[in-house]
Amino acid sequence: MNLDQSYRYLRKSFINNGGDFDSSYVINRIRMLFDEGDRDPKDVEVHLHTLARNIIFVEDDAIILRIFACPGMTVLFLTGDDLLNDYTRKSKELLVDFNGIPSDDYITFHVSEIEGKQSRVRAAKVEVQKERDKLGIWSPSSTKFAYFYFSLVVAAAVDASPSPISTNDGYGNLRGYNPNDSTLHSLTIASCRRAMELWTDPYVRESCNDALAPAPSMAISVVKHYARYNIMGKRRYGCSCPWSLSATDDDDYHVASCDDNNDDDTNDSNVFELIPGLTLFKTIVTCLSEMTKLAGNLCVCVELINLVLGLVPQKSLEHHEEICHQKYLGWHNLSIQKRAGVALAVVAYFLQHGTIEAEGAHSGMLSGKKSAAPVPIKTLINLLENSCGGKEIHDSTGAVRLAVWNEASANETLGPNAHGHNTESRAFFHYLIRRLHASSKKNKTGGLNESSKGRGVSSDREKSAIYNIDMFTFIENWRKEAFPKRKKNKNQRPLSKLLSEKVACMGLAQGRDLHLKWKKQLKL
């Protein structure tokens, strides 16, 4: 069967019987045909997407149960397809330690030559770039298939009202909200976990583009449902997919408290999840990634961030009012490294899009219409402030803020981009530390240094200094003057005080050898 024949068979099967014995086989064949580059003039990918979206709008849960009861369907949609294309699959296989394709300078100056590691990384980079070049101008096969695949995963978790754009397809009611209906309930929870794990995987997002657009609206629906029934933040110990809940088994539940701060991500049973498959950290960094790329679901990502930041502390405090201050409970579950990752992602957004409230495209999948969608600077400032320790009532010694700044300035691997492409964001945090040092020295408090990670500040004047630094204002100052390009003649004016400081901070972030090369290229 070609693509058109496969679609017609699947459509007839779903409409008449809710699937059959061959449904999973046909879907796998559709994926194979997309991968092989079978182009159908009848826009089969659009019809497949429409078919899956129509299932989202069906209120009858029996249809969902019949579809997923077909042989192979549950395995295919909950664990089966990775939704990657050849490029992202190769990148994940060879360059996962570098969060993408690292820069040549990073490989030269920061990858060890022991046992030929540097040569292997260069060879892997060339191989991955070849796969990327093969994509051409057409939508990747993974994107075409994901429109259908991901929408059907969403349909198993929520039923929504018809919408002209798929970005809103996740707004709806949970299907399996009644724990007494064990089959539908477990399917709903497992589908939610699957959707969130796909959406928060950066390689899947790069492979599927806007095909994952319903994910944040679905997350909003699930978070609101869990908050309404007071079950948000509960988890099972040692759970695995599917993550099932039991209303009569409260002893297996645990509400996260300040004592649950766990830096070891390898132990999944101790990870505090807001909803199945979605943690506070994953929510923030994924939404920031979508906002930085000005994705079609940008507005919904902003809504999700604001919703989560408002709900997490309140729901936890209803169970443990004594554990800590309400505003900062959610951040207590993040390690210094994760806080630094959030801070770097926010700064990277400001460096790319500016400090003036920007506008992104909130585009419709089917209608093709676009409307302006502002990215609230207030939300970004709130994320930056809270990731760096919040207010004095929470970080009484300034230790958290200083530790986050040091970690963000020193650790290239925490940045949102591939290694070697986070240098300016890291340099900005060196800038903050140097300004704090200068401020402390001016106030005769003894000053701070680059090795003061985790020590905190000892005096009230030092504490006042660290919180008097308005990070957003310093970001605006940082962006006032761009780094100079190659000088044309010796008579050109010397660098301003701000640019000299930025160059020095870049030197701290780059390292000595790379900085010398960088300055030579700019003829500084």
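The protein chain of this predicted model has an average pLDDT of 78, and 75% of its residues score at least 70, where pLDDT is the predictor's confidence in each residue on a scale from 0 to 100. Because the model is predicted, local features need a pLDDT of at least 70 and side-chain atom pairs count only at pLDDT 80 or more, while totals for chains, interfaces and linings use all residues. Residues are numbered from 1 along each chain as its sequence is written, and side-chain values use heavy atoms, with hydrogens and water left out.

Two stretches call for caution. Over residues 314-329 the pLDDT stays under 50, and the model gives this stretch 35 contacts beyond four places in sequence, a contact being heavy atoms within 4.5 Å. Residues 359-373 also have a pLDDT below 50, with 46 contacts in the model beyond near neighbours in sequence. Where pLDDT is low, the predicted coordinates should not be read in detail.

**Overall organisation**

The chain contains 22 helices and eight strands, which are DSSP runs numbered from the N terminus (helices are H or I with at least four residues, strands are E with at least two). Of its 524 residues, 54% are buried; buried means under 20% relative accessible area, exposed means over 50%, and partly exposed lies in between, with a 1.4 Å probe and protein chains only. Among the contacts with a separation of 6 or more, 71% are between residues 24 or more positions apart. The accessible surface of the chain comes to about 24,100 Å², and carbon and sulfur atoms account for 48% of this area, as computed by the Shrake-Rupley method with a 1.4 Å probe, where for residues only the protein chains shown count as cover.

**Nonpolar cores**

A nonpolar core is here a set of buried Ala, Val, Leu, Ile, Met, Phe, Trp, Tyr and Cys residues joined through side-chain atoms within 4.5 Å. The largest such core has 127 residues, and those with the most contacts inside it are F77, F148, M196, W405 and F429. Apart from it lies another core, of ten residues, including L95, I107, V121 and V128. Within the largest core, F148 touches L10, F14, I27, L48, L51, A52 and F77 when residues up to four places away in sequence are not counted.

**Aromatic pairs**

Rings of Phe, Tyr and Trp (its six-membered ring) pair if their centres lie within 6.5 Å, with planes under 30 degrees apart counted as stacked, over 60 as edge-to-face and the rest as tilted.

| Pair | Centre to centre | Angle between planes | Class |
|---|---|---|---|
| F428 and F429 | 5.6 Å | 75° | edge-to-face |
| Y431 and F474 | 5.6 Å | 65° | edge-to-face |

The pair of Y431 and F474 links distant parts of the chain, since Y431 belongs to helix α18 (residues 423-442) and F474 to helix α20 (residues 471-478), 43 residues apart. Y431 counts as buried at 6% relative accessibility, and F474 counts as buried at 16%. In the other tabulated pair, F428 is buried at 1% relative accessibility and F429 is buried at 0%. Elsewhere, ring pairs link F68, F77, F145, F148 and Y149 into a cluster.

S207 is found in helix α11 (residues 202-208) and is buried, with a relative accessible area of 0%. The side chain of S207 makes a polar contact with the side chain of T88 at 2.4 Å; a polar contact is a pair of N or O atoms within 3.5 Å, where within protein one must be able to donate a hydrogen and the other to accept it, and residues adjacent in sequence count only if both atoms are side-chain atoms.

Y467 lies in helix α19 (residues 460-468) and is buried, with a relative accessible area of 16%. Y467 and G398 are 69 residues apart in sequence, and their C-alpha atoms are 7.9 Å apart in space.
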